[in-house]
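Colleague: I have the model open next to the sequence. Let's go through it one piece at a time.

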Amino acid sequence: MAVVRAARDEDAAAIVDICARGYRRTYPALLSSEFIERMIAEFYHLERVSKEVPAALPGWLGYQVVEEDGRVLGAAGGGLTAPGTGELFVLYLDPDERGRGLGTLLLDRITGQLRELGATEMWVAALDGNELGIPFYEARGFQKVERRRTYGSSEADNAWSWRFYRPI
């Protein structure tokens, strides 16, 4: 049975692996390999993830993981971006474990944490054309609000994301 919990220091390597594999598997038809590797190098390396395992409230809830039989299968993180406003910053699953409801467990965990911090609305970004993320968020009540350049991208990258909103 899958369990969602706060990440521990010893989970950092599994988080790096899941996020990097998830990023590489999700975006190859949408982003250049150079952009993909640049984002992985910036966000999903052991030193950074290790520092981000614990919470730094209210802006970062710390990594949350879903595990089953002692294996970390997914990771997520979010925080408040303004009073009453929360955001899901990251949610990746082991690509071989998708479609089992694990992403929903992680999303529900982050949503609950944001509510506890007083959030009444929640935001998330999904890459334009992401055929996994966009339907996932829409099925959970998020609505497209605006399209804007993907974080970390330049004009040459031509990477765009949708910002989604839902009340919580």
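Colleague: Start with α2. Which residues on its other side are exposed?

Modeller: Glu34 and Ala41 are exposed there. This is a predicted model, in which local features need pLDDT of at least 70 and side-chain atom pairs pLDDT 80 or more, while totals for chains, interfaces and linings use all residues. Numbering runs from 1 along each chain as its sequence is written, and side-chain values use heavy atoms, with hydrogens and water left out.

Colleague: What do you count as exposed or buried?

Modeller: Buried is under 20% relative accessible area, exposed is over 50%, and partly exposed is in between, with a 1.4 Å probe and protein chains only. Helices (H or I, at least four residues) and strands (E, at least two) are DSSP runs, numbered from the N terminus.

Colleague: And which residues of α2 are buried?

Modeller: Phe35, Ile36, Met39, Ile40 and Phe43. They sit on the same side of α2 because their arc around the axis is only 130°, taken from the directions from the helix axis to the C-beta atoms.

Colleague: What covers them?

Modeller: The cover includes α1 and α3, the latter at residues 46-52.

Colleague: Moving on to the nonpolar core. How many residues does the largest one have?

Modeller: The largest nonpolar core has 27 residues. Such a core is a set of buried Ala, Val, Leu, Ile, Met, Phe, Trp, Tyr and Cys residues joined through side-chain atoms within 4.5 Å. Ile15, Tyr23, Leu31, Tyr44, Tyr63 and Tyr92 have the most contacts inside it.

Colleague: Which elements supply at least two residues of this core?

Modeller: α1 (12-26), α2 (33-43), β3 (71-82) and β4 each do. The most comes from α1, with seven residues.

Colleague: Is there a second core, or what else is there?

Modeller: A second, separate core has 24 residues, among them Ala76, Val124, Ala126 and Ile134.

Colleague: Back to Tyr92. What is it in contact with?

Modeller: Contact means heavy atoms within 4.5 Å. Leaving aside neighbours within four places in sequence, Tyr92 is in contact with Ile18, Cys19, Gly22, Tyr23, Tyr27, Tyr44, Gly74, Ala75 and Leu106.

Colleague: New topic: Ala119. Where is its place?

Modeller: Ala119 is in the loop between α4 (102-116) and β5 (121-127).

Colleague: Buried or exposed?

Modeller: Ala119 is buried, at a relative accessible area of 5%. Beyond four places in sequence, its contacts are Leu80, Gly84, Thr85, Gly86, Leu114 and Ile168. Thr85 is 34 residues apart from Ala119 along the chain, yet their C-alpha atoms are separated by 5.0 Å.

Colleague: What about Thr120, which residues does it touch?

Modeller: Not counting residues up to four places away in sequence, Thr120 touches Gly84, Pro167 and Ile168. Thr120 is also in the loop between α4 and β5.

Colleague: Now the backbone. Which peptide bond is cis?

Modeller: The one from Leu57 to Pro58, with omega near 5°. Pro58 is in the loop between α3 and β2.

Colleague: Why pick that out, along with the positive phi values?

Modeller: Because most peptide bonds are trans, and most residues other than glycine have a negative phi.

Colleague: So where is Asp69 found?

Modeller: Asp69 is in the loop between β2 and β3. Its phi is positive, near 50°. Asp69 counts as exposed because its relative accessibility is 73%.

Colleague: And Asn158, what is its phi?

Modeller: About 50°, a positive value although Asn158 is not a glycine. Asn158 is in the loop between β6 (143-149) and β7 (160-167), and it is exposed, with a relative accessible area of 51%.

Colleague: Last one, Gly59. Where does it lie?

Modeller: Gly59 lies in the loop between α3 and β2 (64-68). It counts as partly exposed, at 33% relative accessibility.

Colleague: What is Gly59 in contact with?

Modeller: Gly78, Gly79, Leu80 and Phe89, again leaving aside neighbours within four places in sequence. The C-alpha atoms of Gly59 and Gly77, 18 residues apart along the chain, are separated by 10 Å.
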